[in-house]
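Student: Before we read anything off this model, I would like to go through the terms one at a time. Please set each value against its cut-off.

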Amino acid sequence: MKKVLSGLCLSLVLILVGCASGVKLNEVPVEDKSSSLVKADAAVNALSGKSAVTSVQTSALGAMNMGPAGIEKVVYFDYDSYAIKPQAQATVESHAKFLSADKSRKVALEGHTDDRGGREYNLALGQKRSEAVKRSLTLLGVSEAQIEAVSLGKETPAASGSDESTYAKNRRVEFNYK
Amino acid sequence: MINASNSRFGQVFCKLICKLLFVSVPRPMLTLTSICMGSMLLMGQALAQFRVEVAGVGITQIPINLNQFKDESTSPQKITQIIQADLERSAKFKVSTNAFAMDESSRPDFNGLRQKSLENFVTGSVTKLADGRFDVRFRLWDLIKTQDLGGASFAVVAPDLRRAAHQISDFIYEKLTSEKGIFSTRIAYVTKSSNRFNLWIADADGENAQAALTSPEPIISPNWAPNGQQLAYVSFESRKPVVYVHDVSSGKRKIVANFKGSNSAPSWSPDGQSLAVTLSREGGSQIYLIAASGGEPQRLTQSSSIDTEPNFMPDGSAIYFVSDRGGSPQIYRMPAKGGPVARVTFNGTYNISPSLSPDGKFLAYISRQGGQFKLYLMDLTTERVQALTETSADEKPSFAPNGKLIIYATQIQGKEALMTVNWENKISARLSGQAGDIREPHWGPFLKGN
């Protein structure tokens, strides 16, 4: 969507620029808007030197924000606990490896709680969880500068309900790569 | 919409029950146990018309009769209904109404009205002026002393009609209780509606709400500045908690705290110059003081635990806050510049959300009791505590600026709602609110020139 909009904006700018500077666009019949747009696109491509195909590599774009491929982006916690569970340790290690390999990569660790209790206190509990994961990552060699530990408390649950399985799904830290 | 659970018959019944269960009922005498409240609710509305005189010290409600204002139907706002709702929500009045309209210049038939056991009497009128404004007038009568207690007139444009009605409520309240009325004050609260969050500013009765902020991400912890012009709050629009200060009339806002990690729980100092906030910038959640215009924060707490939810003592001398340094969240107190910490709550294992009364003598807070989250009040002089509500999912209490009512969020039949409670007689009322889940209320201050 963003690409279409910026493409249209760019086209519009170029049409206006064309009118001002006397580029051949003026000779295009006013009714034939599509061909004038096509001409503008060609002008863009000519200016940037890239082919249209290059801008549509969504899988590559996705990988920028997804962290290590095939690794879970969330770890879960027991009630009233901030300890990384043994089964989550491998996940944390994979993220540590990924971050260590490319020092330019940044991640926000988002701590969450289940919905029982006050909002501000739960915000602080979520913070404890995200900081526990941050500590694990830094102990595994990741630089502090690559990590921001934040909390969303009980504000954005992954599941809704009042049973233990819902609570368990909400007590988590999410890896949000920037 | 008002849901005031009061009935004279119920009150007499409860006093009897209280006397029977004297050993299990804590003093002071005005306290109702939860059993009493349960009985009152069972009474239902059917018995509301019983009027039994309660002898001795008890819950006295001031009787007042509101007459329809003459030509009230010319006004787009139902003036007497707004006044009635205000006075009922204060829980200090027993309001009766009279469909017979009498304007403020007519002298009441004192003998005739006294025979109907009426004591206080309000008359008034609404006149549409040639320029489109409305002239709202009223007069308050003391039928026992056959005295005119005063009145006023307001010439207002239509959007200010509710405000005129609230000012009439304030006048009546102040004349008959000798306390300052809060009906012209404002409240802030947050609603969530199909993944859209709004921060609302409304009249104290929950009506006339205007959205100060709309966001696809959560908004929590709104906190009024002492000048009533600015609101601090926490917004998650950057996918992390950030503290903003927002000028309500202009809509201009400024980020005051966006340090690394989480920034939350803003609480204005009484002099309006700074905010206490919870920051995780040095690891953990600790309380800092920061200038209201932003800048370098000064750390106030020094613990390796969670310290959060700061709330200033109104004289500015101390800060009450939540800490789990003792193993679970309790309320503590420290000097306003930081320093030695003293524990305040000892009942139960989970006490949060402290809110001090304007006179500094009472502390409202939320206590988890048997898995339920309940609004509690501590008398700071005696250290005695009492539960104030019948609900079990209470959150975020804050005092009205006259110290008589407390607003809080709770759940009624699974839906989030805002309530106010008169802590002296524990009569609660529900506020009309916006659509969607409604939470995070904060009561604004008296406005200058009110």
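Tutor: Start with pLDDT, the predictor's confidence in each residue on a scale from 0 to 100. The model is predicted, and over residues 56–62 of chain A the pLDDT stays under 50, with zero contacts beyond four places in sequence.

Student: What makes a pair of residues a contact?

Tutor: Their C-beta atoms, placed from the backbone, must lie within 7 Å.

Student: How does chain B score?

Tutor: Chain B averages 87, and 86% of the residues score at least 70. Over residues 1–7 of chain B the pLDDT is below 50, with 23 contacts beyond near neighbours in sequence. Residues 20–58 of chain B also stay under 50, and the model has 54 contacts for them beyond four places in sequence. For the complex, the predictor gives an ipTM of 0.84 and a pTM of 0.80.

Student: Why is B:Arg196 called exposed?

Tutor: The label applies at 12 or fewer other C-beta atoms within 10 Å. B:Arg196 has 12, so the residue is exposed. B:Arg196 lies in strand β7 of chain B, residues 196–203. Leaving out residues up to four places away in sequence, B:Arg196 touches B:Thr214 and B:Pro216.

Student: What makes β19 and β20 of chain B a pair?

Tutor: Pairing requires at least two bridges found by DSSP. Strand β19(B), residues 330–335, and β20(B) have two bridges, in the antiparallel sense, and therefore count as paired. B:Arg333 has B:Ala342 in β20(B) as its bridge partner.

Student: Which sheet do they belong to, and which strands are its edges?

Tutor: The sheet is open, with four strands in the order β17-β18-β19-β20 of chain B and antiparallel pairing. β17 and β20 of chain B are the edge strands, as each pairs on one side only. Helix α5 of chain A, residues 119–139, packs on this sheet and touches β17 and β18 of chain B; the helix direction makes about 150 degrees with that of β17(B).

Student: Why are β25 and β28 of chain B said to stand at the edges of their sheet?

Tutor: That sheet is also open and antiparallel, in the order β25-β26-β27-β28 of chain B. β25 and β28 of chain B have a single partner strand each, so one side of each is left without a neighbour in the sheet. From one strand to the next, the twist averages 30 degrees.

Student: How do you know that β25 and β26 of chain B pair?

Tutor: Three bridges join the antiparallel strands β25(B) and β26(B), and at least two are needed. B:Glu395 has B:Ala409 in β26(B) as its bridge partner.

Student: How many residues of each chain are in contact with the other chain?

Tutor: The counts are 25 residues of chain B and 17 residues of chain A. Elements giving two or more residues to the chain B side include β9 and β13 of chain B. That side divides into ten nonpolar, ten polar and five charged residues.

Conventions: Residues numbered from 1 in each chain as written. Chains lettered and ligands numbered in written order. Predicted model: local features only at pLDDT ≥ 70, side-chain atom pairs only at ≥ 80, totals over all residues. Contact = placed C-beta atoms within 7 Å. Nonpolar A, V, L, I, M, F, W, Y, C, P; charged D, E, K, R; others polar. Buried ≥ 20, exposed ≤ 12 C-beta atoms within 10 Å, placed from the backbone. Axes fitted to C-alpha atoms, helices over the stretch in contact; angles between N-to-C directions.
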